[in-house]
Amino acid sequence: MESGRGPRVRIIRSVPTRPIRRPGLLVAVEGIDGAGTSAVANLLARWIERRGRRVHVAAWEASTPLRRAAADGRTRQALTPRVAALLVAAEAHRRTDELVRRPIDAGDVVIADRYAWTGVARDLARGLDPAWIASLYERLPAPAVVVLVREQPDRAIGRAIDDRLGPGRAEAVTPAFGAFLAAVAAGLDDLAAGRSPAPWPARTVVLDLGEPLDVRLAPARAAISAALDGGEGRVA
Amino acid sequence: MNGTPGRLIVLEGIDRSGRSTHAGLLEAHLRYHGRGVTRTSLGSSVLSADALRRAKRGRRPDPVEIALLSAADLAERVERVVDPALRAGLVVVADRWTWTPIARAELRGVDRGWLDRLFSFAPAPDLVALLDLDPDASLARRDAPDPYEAGLDLHLADDLRESYRLFGTRLAGWFDAESRRRGWLRVPADEPVDRVEARLEAAVDRLTGVPGRRRGRSRSRAT
């Protein structure tokens, strides 16, 4: 480097400048019903917005076809675990194209309030082959970071029932639903620990109980920070 | 053999190759010879048929979503119809199996390994017969093709019928390679119906032992 009086730089040729296009990023927040994934997703979204990125929160509603099928006596019988798994995976692909793929392609950040792991863990709880289930979701955009929000199944169930049926209706819950949620929670733990095949490798952050939510979010923020700065998470 | 006392016979082939006609004729033939028969056909499930139709008619049909719905359609029929029938020793005649949805997705760029894993739950057929028909002949036999089945989303041609012809040619090439690899029975579908029928019945009879078994039974009854 030279020190001089004036600038010694000469323009040799001009390079047309393009606006800097930041790669989009997908973060999945996973957890059982009532674990508080929506609260975590919204807090993370606000935090990322403060860093100057546009953020979308996409809620997982892939169980719509199952609810419709289960409500009808003619179709309920046909709803075996395998058929349910395939219908939910198809619905997830349909919704993901608009709610996840397009914003990411536009360079935005998407926080999925539950994503493929939730689908995988529910199918694991229904007793299907883990590798087959994981493959159903491997064509979805891969998240750069998966945040697993852990909650005791019985506490989560109480909250999930309050959400769905109104407060104080926990006695209306069948033991089967409680057992199912516990099995889904175990499936999510298996995915986080690598004991069960996941659709794609992803940096995983497990948020445990005990500390105030703001403190618990610190490791998730650190992982997302690294992904945003490192330009990771480009969706293939 | 699929490990059950039943037999699974699959008819594959492009549109208007006579699959459902010959499925009906095979059913009548087998019933005449005293075999119990169940038929099943692509897109006839209770839970997935409507969603499958809607997905194909969407503005931007997603081949992965359509493959998943096709698998749901087949899974329901396997679990409710095909598996119980095979265990009970019936002959199942299927109008298309995993190959038509796999071909339609693979020709749209979906990974073949993923498609094979997706459909790995389906029992292996005892006999696959490919009804060979030229795409031009298929086109001449039909009115307006379905846009997805014509591959219109692949932008091969603006005209629906021309797109159908071009996509049908690719589909025919796919089935040609697949049938050679797997040693399927190939029957020219442009021959008269009774000639096609005779060839299919001969192969099915060898598999199910139909007339032979019947003669055996009547002999034992006579003694």
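**Figure 1. Overall build of chain B.** In this predicted model, buried residues account for 41% of the 223 residues in chain B. The C-alpha trace of chain B spans about 70 × 35 × 30 Å along its principal axes, and because a compact globule with 223 residues would have a radius of gyration near 17 Å, the 18 Å of chain B agrees with that expectation.

**Figure 2. Order of the elements in chain B.** Chain B holds 9 helices and 5 strands, which follow one another from the N terminus as β-α-β-α-α-β-α-α-β-α-α-β-α-α. Of the contacts in chain B between residues at least 6 apart in sequence, 77% join residues at least 24 apart.

**Figure 3. Helix α4 of chain B and its surroundings.** Helix α4 (residues 99-106) of chain B is largely enclosed by the rest of the structure, because 7 of its 8 residues are buried. These buried residues of α4(B) are B:W99, B:T100, B:P101, B:I102, B:A103, B:R104 and B:A105, and they pack against β1 (7-12), α3, α5 and α7 (160-182) of chain B.

**Figure 4. The contact between chain A and chain B.** Chain A and chain B meet through 20 residues from chain B and 20 residues from chain A. On the side of chain B that touches chain A, α3 (63-87) and α5 (112-118) each supply at least two residues, and α3(B) gives the most, with 10 residues. By residue class, this side of chain B divides into 12 nonpolar, 2 polar and 6 charged residues.

How values were computed. Residues are numbered from 1 along each chain as its sequence is written. Chains are lettered from A and ligands numbered from 1 in the order in which they are written. This is a predicted model: local features need pLDDT of at least 70, side-chain atom pairs count only at pLDDT 80 or more; totals for chains, interfaces and linings use all residues. Two residues are in contact if their C-beta atoms, placed from the backbone, lie within 7 Å. Helices (H or I, at least four residues) and strands (E, at least two) are DSSP runs, numbered from the N terminus. Ala, Val, Leu, Ile, Met, Phe, Trp, Tyr, Cys and Pro count as nonpolar, Asp, Glu, Lys and Arg as charged, and the others, Gly among them, as polar. A residue is buried if 20 or more other C-beta atoms lie within 10 Å of its own, exposed if 12 or fewer, and partly exposed in between; C-beta atoms are placed from the backbone. The radius of gyration is taken over C-alpha atoms; the globule rule is 2.2 Å times the number of residues to the power 0.38.
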